[in-house]
Amino acid sequence: MSATGDPQQADDLLERTRAFIRDTVIPAEPAPGTTLDAQELERLRELARAAGVYAPHLPVEYGGIGLPITAWSPIFQAAGYSPIGPSVLGCMAPDEGNAHLLEKIGTPGQKHDYLGPLARGEVRSAFAMTEPHPGAGSDPEALRTTAVEVDGGWRIDGEKRYISGAEGAGFFIVMARTEHGATMFLVDAGTPGLRVGRDIRTTEHAIAGGHSHVHFDDCRVGADAVLGEPHEGFRYAQVRLGPARLTHCMRWLGLARRSLDIALDRAESRELFGSRLRDLGLAQALIADSVIDIEASDALIASCATALATDPREGARLSSIAKVFCSEAIVRVVDRAIQLCGGDGVSDDLPLASYWGEVRPFRIYDGANETHRWAIARRASSARRRAMAADADAAAAGGAA
Ligand SMILES: Cc1cc2nc3c(=O)[nH]c(=O)nc-3n(C[C@H](O)[C@H](O)[C@H](O)COP(=O)(O)OP(=O)(O)OC[C@H]3O[C@@H](n4cnc5c(N)ncnc54)[C@H](O)[C@@H]3O)c2cc1C
């Protein structure tokens, strides 16, 4: 079925996605702070396919539903209402961003060999960019992993860290420094010289396959392993990251909504000082601020999605702004929900503390918020300089006339 561009079909899909998450996914959630086991994930994905809610974002030719990016947000938020929902629906990071990149820049052969199996949920993937100090992190120019051309292909050497989903991934998209910039490579798991090392435990557990160190020692790949064109890696990283940042905003906003719902239910049932918690002014302030954070995030996501679909430059600018605002607003919403639930908020009796652990790293990955603020400020200053120069030119032209 294709829901592309048809509001009625999109509404119907949203209702079915919400029902699927409520009736099938939430009852199957693992204990807070643990990762869904692979067999259970496959069972749930089968049910998602049967319910017609799997891969809402992927092209129809690859087995997806084919929604345009402007229609993703409500669906991704509905999926994100459960921390395992996006994985079950096949729209979780890093696969979702990797699929987008393959669709945009992959050769027909790469789409057949990598995007097809990824879209069908037959393999998982990883995106390997970040490196140990002094390598690439916030500053991609510090990239130290190298790829040099050898007879019949390339040799990759280096070390990556925090590579989400690395354990059990079928393939890796690897960023490496090449003679004229950086190049992205598709490297199959099991390629000699590629080794998945230590899993770095973080507060985040929603992604299967951990956040691992990955080592490349004399790792040889063929010429056809180059994703897109050689030396275009830094540009391609932005192709991937603009939408990928925004879909993180969408998914985690769904979890913020769930957190607020948990807090609202508690505020309804809890009696304190002779009244319901929901009727105490300071509690109402916490609730109101969360509603405002959610609505503002929702609006920013919608305008950024429209820009990404129509004007990539404006889309990139807004995706930085949305990433910073949403990642902070979402953490605030979860934190206020914890506060409203008192001791239970930080206990294992409620999932809120684990939700905080899921959303907090978003202020660090997809570009740390400080890096984005830096870029936002520089863009604002240069736009102002351009406007001043244009005004001066217009005044000079007027004077000359
Ligand atoms: C849960 C999780 C999953 C991840 N998954 C992946 C993955 O799948 N693939 C991948 O490649 N990487 C992944 N990462 C890595 C992530 O992208 C990096 O952690 C991030 O880019 C920051 O790099 P760094 O950790 O090296 O911190 P650093 O680069 O050392 O930055 C440290 C701090 O410096 C500050 N800073 C940055 N820029 C500026 C600035 N311009 N001005 C002032 N201060 C600044 C920020 O506060 C930043 O947090 C993941 C990380 C986490 C936590």
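About 120 Å³ of space lies in the largest cavity of this predicted model, where a cavity is a set of points, on a 1 Å grid over the protein atoms alone, at which a 1.4 Å probe fits but cannot get out. Grid points are joined across faces, edges and corners, and a volume is the space filled by probe spheres set on the points. Three cavities of 30 Å³ or more are found in a search of the whole structure.

Because the model is predicted, local features need pLDDT of at least 70 and side-chain atom pairs count only at pLDDT 80 or more, while totals for chains, interfaces and linings use all residues. Residues are numbered from 1 along each chain as its sequence is written, and side-chain values use heavy atoms, with hydrogens and water left out.

Lining residues have an atom within 4 Å of a point. Those of the largest cavity include Leu41, Arg45, Met92, Asp95, Arg124 and Ile207, and at least three residues come from each of domain 1 (7–91) and domain 2 (125–231), with bounds from an automatic or database domain assignment.

The second largest cavity is lined by residues including Arg45, Tyr54, Asp95, Glu96 and Val123.

| Cavity | Lining by class |
|---|---|
| Largest | six nonpolar, three polar, three charged residues |

Technical notes: 1 Å grid on protein atoms, 1.4 Å probe; cavity = no way out; pocket = protein on both sides within 12 Å on 5 of 7 lines; lining within 4 Å. Nonpolar A, V, L, I, M, F, W, Y, C, P; charged D, E, K, R; others polar.
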